[in-house]
There are 2 protein chains.
Amino acid sequence: MTVIFSKKCEYGMQAVLYLAAREKGTLVSADEISKVLKIPREFVSKILQSLRESGLISSSKGKSGGFSLAKSASRIKLIDVVAAIDGLDMFDSCVLGFQECSPTHPCPVHNTWGSLRTQTYDMLTSETIDKLKEKTLHKISSL
Amino acid sequence: MTVIFSKKCEYGMQAVLYLAAREKGTLVSADEISKVLKIPREFVSKILQSLRESGLISSSKGKSGGFSLAKSASRIKLIDVVAAIDGLDMFDSCVLGFQECSPTHPCPVHNTWGSLRTQTYDMLTSETIDKLKEKTLHKISSL
DNA sequence: ATTTAATCAGACATTTTTATCTGATTTTAT
DNA sequence: ATAAAATCAGATAAAAATGTCTGATTAAAT
């Protein structure tokens, strides 16, 4: 199967966007996120825990507890989620899997892929979560 | 882990490029491919078998048998290998993992990713294996 | 003919990813 | 105080990807 990001990472990005789409300061439960985004409850729960450990989101325990962004949505980017979950290795590796792929020993698509990789990186860094979330609201409102 | 193509697919592309780099008509053993490309022997053997079933390469059994391209390198593209091994799903799926991601219900990076996906597709279709192999020769000669 | 070196087929094993379970702890609301 | 609803931690399970093994078959070389 061909994939860009792991399921964990996809779900993590969706969850962070969802948290941003909710009022600032509001606590959102793993259960709600699970239902809205259709992610297995215990699985998204684990992902949220790891994002908390990474410092991207924060949580409070107990009844009416839940999760919220750890900082302003204007200071979080998708790349932060990718870095926290999948890591940034893909932005430094050969698309054909050659181990020594470098400017002096490039693979046949080295330059093309280099450009695409950079553009992908830009996609994840150019806009912050608060801008991106606007474009996600229609998905969320259709609960 | 973040990945574009599966290991199978990466190895498959490398193997096809290697076959193209060898003289036309020459039979290359799985053992040689394994050693040169540093891919586990039995694993690459399976990949070669599946590429044969897909019709991209052909094989002959018995002593001094081996593999060769099933047709001219000028008629094979990397996308053919991807299609045979990983399939083309990635060129029709949401990078954030949203199930219903469409022009009418786009994810926040829908258009950007759409463009990148197209460019990636182009990278795999614009040149044939015989052109690409030239750029791989330096890797192979350093055995 | 026999040996040798290769593919082939299918089962098996390991590792990683994805997902679930169990129970403990925390906090709010009654 | 007690019940309810949430996170948390760690073990477990299931599925998919990656890798290995065994033996059969084939065909060239001796």
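This is a predicted model: local features need pLDDT of at least 70, side-chain atom pairs count only at pLDDT 80 or more; totals for chains, interfaces and linings use all residues.
**Close-ups of a protein–DNA model**

**View 1. The residues around DNA strand D.** Sugar or phosphate makes up 60% of the atoms of DNA strand D within 4 Å of the protein, and bases make up the rest.

**View 2. Polar contacts to DNA strand D.** Two of these go to the phosphates: a polar side-chain atom of A:Ser59 sits 2.4 Å from a phosphate oxygen of DNA strand D, and a polar backbone atom of A:Ala30 is 2.7 Å from a phosphate oxygen of DNA strand D. Over on chain B, a backbone N or O atom of B:Lys63 lies 3.4 Å from a base nitrogen of DNA strand D. The elements giving two or more residues to the surface near DNA strand D are helix 3 (41-53), strand 1 (57-60) and strand 2 (66-69) from chain A, plus helix 1 (7-21) and helix 3 (41-53) from chain B.

**View 3. Now for DNA strand C.** DNA strand C is surrounded by 26 residues, with A:Pro40, A:Phe43, B:Ala30, B:Lys46 and B:Ser59 the closest. Of the atoms of DNA strand C that come within 4 Å of the protein, 61% belong to sugar and phosphate. A polar backbone atom of B:Ala30 is 2.7 Å from a phosphate oxygen of DNA strand C, while a side-chain N or O atom of B:Arg52 is 3.0 Å from a phosphate oxygen of DNA strand C. For a base contact, look at A:Lys63, where a backbone N or O atom lies 2.9 Å from a base oxygen of DNA strand C. The surface near DNA strand C splits into 6 nonpolar, 10 polar and 10 charged residues.

**View 4. Helix 1 against helix 2 in chain A.** The axes of helix 1 (residues 7-21) and helix 2 (residues 30-37) of chain A come within 11 Å and cross at roughly 110 degrees, so these two helices of chain A are roughly perpendicular to each other. Helix 1 of chain A brings A:Gln14, A:Ala15, A:Tyr18 and A:Leu19 to the contact, and helix 2 of chain A brings A:Glu32, A:Ile33, A:Val36 and A:Leu37. By class, that contact has 6 nonpolar, 1 polar and 1 charged residues.

**View 5. An aromatic pair in chain A.** There are 4 aromatic pairs over all chains. A:Tyr11 and A:Phe43 make an edge-to-face pair, 5.9 Å centre to centre with 85 degrees between the planes. Because A:Tyr11 lies in helix 1 of chain A and A:Phe43 in helix 3 of chain A, the pair ties together parts 32 residues apart in sequence.

Note on methods:
Residues are numbered from 1 along each chain as its sequence is written. Chains are lettered from A and ligands numbered from 1 in the order in which they are written. Side-chain values use heavy atoms; hydrogens and water are left out. A residue is near a molecule or strand if one of its heavy atoms lies within 4 Å of it. A polar contact is a pair of N or O atoms within 3.5 Å; within protein, one must be able to donate a hydrogen and the other to accept it, and residues adjacent in sequence count only if both atoms are side-chain atoms. Helices (H or I, at least four residues) and strands (E, at least two) are DSSP runs, numbered from the N terminus. Axes are lines fitted to C-alpha atoms, for helices over the stretch in contact, and angles run from 0 to 180 degrees between N-to-C directions. Angles under 35 degrees count as roughly parallel, over 145 as roughly antiparallel, 65 to 115 as roughly perpendicular and the rest as oblique. Contact means heavy atoms within 4.5 Å. Ala, Val, Leu, Ile, Met, Phe, Trp, Tyr, Cys and Pro count as nonpolar, Asp, Glu, Lys and Arg as charged, and the others, Gly among them, as polar. Rings of Phe, Tyr and Trp (its six-membered ring) pair if their centres lie within 6.5 Å; planes under 30 degrees apart count as stacked, over 60 as edge-to-face and the rest as tilted.
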